[in-house]
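User: I'm new to this one. Can you walk me through it?
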Amino acid sequence: MLNTDSPAMESNGDASLPADWSDHVASEPITNASQETSEKQLGSVEKAVENFQIAVAQLPEEEQPPPPPLPSEPPCAPENQPLDFHNNQAMAIPPEDGTSQATEDGMDIEDASKETVHEILPPPEPPLPMEFERLFKGCQENMEDFNGWVYLLQYVEQENMLEPVRKSFDLFFQRYPYCYGYWKKYADIERKHGNIHVAEEVYRRGLQAIPLSVDLWLHYMTFIKENSDTTDPETEGRIRAAYEHAVLAAGTDFRSDRLWESFIGWETEQQKLANVTAIYDRILGIPTQLYSQHFQKFKEHVQTNNPKHFLSEEEFVQLRLELSKATLASMARETDETPAPPEDLPPGTEDLPDPAKRVTEIENMRHKVIENRQEVFNHNEHEVSKRWAFEEGIKRPYFHVKSLERTQLNNWKEYLEFEIENGTPERVVVLFERCLIACALYEDFWIKYAKYLESYSTDGVRHIFKKACTIHLHRKPVIHLQWAAFEEQQGYPDEARRILKTMEEMIPSLAMVRLRRVNLERRQGNLEEAEALLREGMENSRNTIESSFYAVKLARLLLKVQRSLSKAKKVLLDAIDRDETSPRLYLNLLELEFNEDVAQNEAEIIVIFDRALKSQMPLESRLLFAQRKVEFMEDFGTDVNVLVAAYDEHQKLQRESEALKQKAENGYDSSGEPDAKRQRTDEMDAAAAAAMTDMQANNAAYNYNWYQQYGAWQQNSWGQYGQYAQYNQYYPPPPT
């Protein structure tokens, strides 16, 4: 037996399943889980997805009269309740229009009609308080400020005005649909204003957003039981259907025990003991926190009730027949005689006429029923034991904007890997949905979930990406790039364009997104659009480093894809005019010249070297170009005088470099230099360091393989088309 009293396992987890992947799916009661079911017999991922579609589909609805008009004055103030975390949106119900009446005589009809209208129309809504406008505007401008939302929702709850309440909660749930406690608050406010049907709609929307929330399901079941007509013969069926939806959506959660217990308790109140047995048959095969307690309660249920009451008629008759045959066979073995023909048994669930046999049959039936479920329980206990350590590691199963500890993140990752390898598709999907409540702000888990579903459900993958990018991860670029790539793979380039453009509008000047847009257009054959995007990136750059980055990308596109050497050179030369201190621009320009005939381009190459050496680049960068110029002249030059001059220039820069190093070793302090000079030097240090990463300066001899280093330079972070993660060394990471 496992330690079910462990403190780490006492709290109930609230998680969520996928929202409705189809528009509306008719509700169906789920079938009972038999004691012979094993995990290998469970359905595929497609079936799991279908089950969750049913679970989050619209709950059974009956025709309802239109809600009453809003009262001019709130009837009562809401209760002060502690804030909870879990969440979506509610409908504003407009007041019913008044109808005018005519006077009986024909005198003064116009005046009478006006008076009638004024009497029937409700008083105008009072203006919204200035404090509300201030708080609401702050939340609109910064929807990631969770504390601002808390203050706003507390304020509208205290003011008890429906319009601000609906406006605030609806907007809040667009950003934080996993805060189940606020769904409960919203529904309570509507209920206190007498809007029962609107309150029920709020609950339904909340359950659509977070169907794994056991607490929200329990609040909803309490609500519909309190507001149902007990004299209506259909009430019992509606409540039972709601419970079926609840256990189908959240019943496989490891901490769903309270929901199952509520279902069992309600069926017991209705005196439907056979239904209670059917529920136990389902829960005994599901790994949950209180699995052992369920089995003990099931045995009490069997021992305290008559089998004909807690078994279905079919199972009762079958079990009676099996026991009768077993009794006769046992008697025959004891007497070594031929088994007697079975005696006539009463039809259906009627009692045996012999009281002694009747008592024996009841006891045998009870024993057989428990024995049949014992094997299921043993298998379930084994499954629970494999997951117990992972479940104990989940300290925060609910949603919160605060970061999770690394140990909890690792626990979720290991738990998911275990379930993918050992669990059924249904359990994998449920665990992913539980994980994405606690880890909703971590894109790695969303991407992992989408990749798991890729082989099974295209619509499911699209739903995951849409939910992540439009609700929880507005400003996370990597998952937007993944979504765009997925849509492009499915043959929807226009949708991929929309996703990337939306992301770039949200976070302007993000290089990784702009380059993905460029390459999308290139793959679609829209070379002019790809070129235009790169030129736009150059024009809208925030600094010269960013502009030079796009210039290099544009030059490569023009050279390698459009086969236009002249255009590529012009782009780089124009970029050098704007930023004469960028080593990368000179290196790429030299690469272009080396792709042609070196003998014919000697003069152009020397001009590029001289321009680099005369620029304001850091000394280390100029020393690099001086050495490369010497090597070029040694290998390909035609004038020895130019070679000697290049060597002298290199030696001069070398001496300057050594002098600076000696000053640094002797504790030279640059604080006495002008601020402008020190600032300029600091800005160029990064560029100099990056330019030096691909070579080791050789002060004693020439490096005759220097031209190969141009190719090696292409492999650094500027040349790796797919390594977007390295762009952060040039641009600050996007806000989360």
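This is a predicted model: local features need pLDDT of at least 70, side-chain atom pairs count only at pLDDT 80 or more; totals for chains, interfaces and linings use all residues.

User: What volume does the largest cavity have?
Analyst: About 50 Å³. A cavity is a set of points on a 1 Å grid over the protein atoms alone where a 1.4 Å probe fits but cannot get out. The volume is the space filled by probe spheres set on the points, which are joined across faces, edges and corners.

User: Which residues line the largest cavity?
Analyst: Thr252, Glu391, Tyr415, Glu419, Arg427, Val430, Leu431 and Arg434. Lining residues have an atom within 4 Å of a point. The largest share, four residues, comes from α17. Helices here are DSSP runs (H or I, at least four residues), numbered from the N terminus.

User: New topic. How many residues of α7 are buried?
Analyst: Ten of its 14. Buried means under 20% relative accessible area (1.4 Å probe, protein chains only). Among them are Val198, Glu200, Tyr203, Arg204 and Leu207.

User: What do the buried residues of α7 pack against?
Analyst: Against α5 (162-175), α6 (180-192), α8 (214-226) and α19 (458-472). Contact means heavy atoms within 4.5 Å.

User: And how far does α7 reach?
Analyst: Helix α7 covers residues 196-209 and reaches 20 Å from its first C-alpha to its last, close to the 20 Å expected at 1.5 Å a residue. The expected span is 1.5 Å times one less than the number of residues.

User: Now Arg366. Is that one buried or exposed?
Analyst: Arg366 is buried, with a relative accessible area of 13%. Arg366 sits in helix α15 (residues 355-392).

User: What does the side chain of Arg366 reach?
Analyst: The backbone oxygen of Asn305, at 3.1 Å. Arg366 also touches other residues, including Val302, Gln303 and Pro307, with residues up to four places away in sequence not counted.

User: Last one. Which loop holds Asn160?
Analyst: The loop between α4 (146-159) and α5. Asn160 has a positive phi of about 60° although it is not a glycine. Asn160 is buried, at 6% relative accessible area. Ser509 has a positive phi too, about 65°, and is not a glycine. Ser509 lies in the loop between α21 (493-506) and α22 (511-523).

Technical notes: Residues are numbered from 1 along each chain as its sequence is written. Side-chain values use heavy atoms; hydrogens and water are left out. On a 1 Å grid over the protein atoms alone, a cavity is a set of points where a 1.4 Å probe fits but cannot get out, and a pocket is an open set with protein on both sides within 12 Å along at least five of seven lines; lining residues have an atom within 4 Å of a point. Helices (H or I, at least four residues) and strands (E, at least two) are DSSP runs, numbered from the N terminus. Buried means under 20% relative accessible area, exposed over 50%, partly exposed in between (1.4 Å probe, protein chains only). A polar contact is a pair of N or O atoms within 3.5 Å; within protein, one must be able to donate a hydrogen and the other to accept it, and residues adjacent in sequence count only if both atoms are side-chain atoms.
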